[in-house]
Amino acid sequence: MKISQKIFLSFLLLIVGVLLSACGNQQAKEDVLSAAEIETAKEVYVLAGCGACHQLDSANTIGGVGPQLNDIGLVAGTRQEGVTAETYLREAILQPNAFVAPDCPGGPCSSPSYMPATISDKLNEENLNLLVRYLLTMKAQPQIDQ
Ligand code: HEC
């Protein structure tokens, strides 16, 4: 191989490396939803009926049956040891009884959960993914009286 070819190859590898590491960083960054995605996510949340039971200021819902979700992006990752926030949120929506949250507005949450196990029937894969990403961005400071 000629020297010039070697130089060219190393240069190519360098670029690939830089690109790969840039992608890696991208994934580590916090997920940011576009304005359009946020609007769609709110619609999905409201149409699925989540707001009937959950307070979520971002979507203007005041339901008082389940826990408020204004800080769920912070709380979700602390609910079950070794379970990431994203996995917890999926589980909370797909199988409400797999883990019952501790505190509901009226006191301890009932077990079995009042949250319908069939709620996810109203969500297709795309809507579920968007809803989970949307909820992950809810990071209001926890309220003192909760
Ligand atoms: C009929 C009332 C009801 C509806 C409708 C409902 N939920 Fe719930 N939800 C609850 C209750 C009660 C709990 C607490 C018990 C439990 O963990 O299942 C809960 C728990 C949760 C949790 C876990 C909260 C925490 O602090 O750990 C999430 C996340 C959640 N719901 C999201 C949703 C979403 C998204 C929808 C709509 C697709 C929805 N819920 C619809 C009543 C409801």
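Select H5. Its buried residues are Leu 130, Leu 131, Val 132, Tyr 134, Leu 135 and Leu 136. A residue counts as buried if 20 or more other C-beta atoms lie within 10 Å of its own, as exposed if 12 or fewer do, and as partly exposed in between, with C-beta atoms placed from the backbone. The model is predicted: local features need pLDDT of at least 70, side-chain atom pairs count only at pLDDT 80 or more, and totals for chains, interfaces and linings use all residues. Residues are numbered from 1 along each chain as its sequence is written.

**The whole chain**

Zoom out. The chain has five helices and four strands. Helices (H or I, at least four residues) and strands (E, at least two) are DSSP runs, numbered from the N terminus. Starting at the N terminus, the order is α-α-β-β-α-α-β-β-α. Of the 146 residues in the chain, 18% are buried. Among contacts with a separation of 6 or more, 50% join residues 24 or more positions apart. Two residues are in contact if their C-beta atoms, placed from the backbone, lie within 7 Å.

**Back to H5**

The expected span is 1.5 Å times one less than the number of residues. Now show what covers the buried residues of H5: the cover includes H2, H3 and H4.

Pick Leu 131. Leaving aside neighbours within four places in sequence, Leu 131 is in contact with Ala 41, Val 44, Tyr 45 and Leu 123.

**Helix H2**

Select residues 35–47. Helix H2 has 13 residues and reaches 18 Å from its first C-alpha to its last, close to the 18 Å expected. Which residues of H2 are buried? They are Ala 41, Val 44 and Tyr 45. These three lie on the same side of H2 because they cover an arc of only 95° around the axis. The arc is that of the directions from the helix axis to the C-beta atoms. Strand S1 (55–56) and helix H5 (125–136) are included in what covers them.

Turn to the face of H2 that points away from its buried side. Here are the exposed residues Ala 35, Ala 36, Glu 39 and Leu 47. Next, pick Glu 37, also in H2. Glu 37 is partly exposed, with 14 other C-beta atoms within 10 Å. After H2 comes Gly 49, with a positive phi near 90°.

**Helix H4**

Select Tyr 88, Leu 89 and Ala 92, which are buried in H4. Look down the axis of H4: its buried residues fall within an arc of 100°, so they line one face of the helix. H5 is part of what covers them.

**The nonpolar core**

Select the largest nonpolar core, which has 18 residues. A nonpolar core is a set of buried Ala, Val, Leu, Ile, Met, Phe, Trp, Tyr and Cys residues joined through C-beta atoms within 7 Å. Ala 41, Val 44, Tyr 45, Leu 89, Leu 131 and Leu 135 touch the most other members. H2, H4 and H5 each supply at least two residues of this core. H5 gives the most, with six residues. In soluble globular proteins, nonpolar side chains tend to be buried together.

**Around the ligand**

Show the ligand. How many residues surround the ligand? There are 26, and the closest are Cys 50, Cys 53, Gly 66, Ser 113 and Met 115. H4 gives the most, with three residues.

Color the shell by type: 21 residues are nonpolar, four polar and one charged. Here Ala, Val, Leu, Ile, Met, Phe, Trp, Tyr, Cys and Pro count as nonpolar, Asp, Glu, Lys and Arg as charged, and the others, Gly among them, as polar.

**Two backbone stops**

Most residues other than glycine have a negative phi, and most peptide bonds are trans. Go to the loop between strand S4 (107–108) and H5, where Pro 112 is found. A cis peptide bond joins Ser 111 and Pro 112, with omega about 0°.

Finish at Asn 60, in the loop between S1 and strand S2 (61–62). Asn 60 is not a glycine, yet its phi is positive, about 60°. With 10 C-beta neighbours inside 10 Å, Asn 60 counts as exposed.

How values were computed: A residue is near a molecule or strand if its C-beta atom, placed from the backbone, lies within 6 Å of it.
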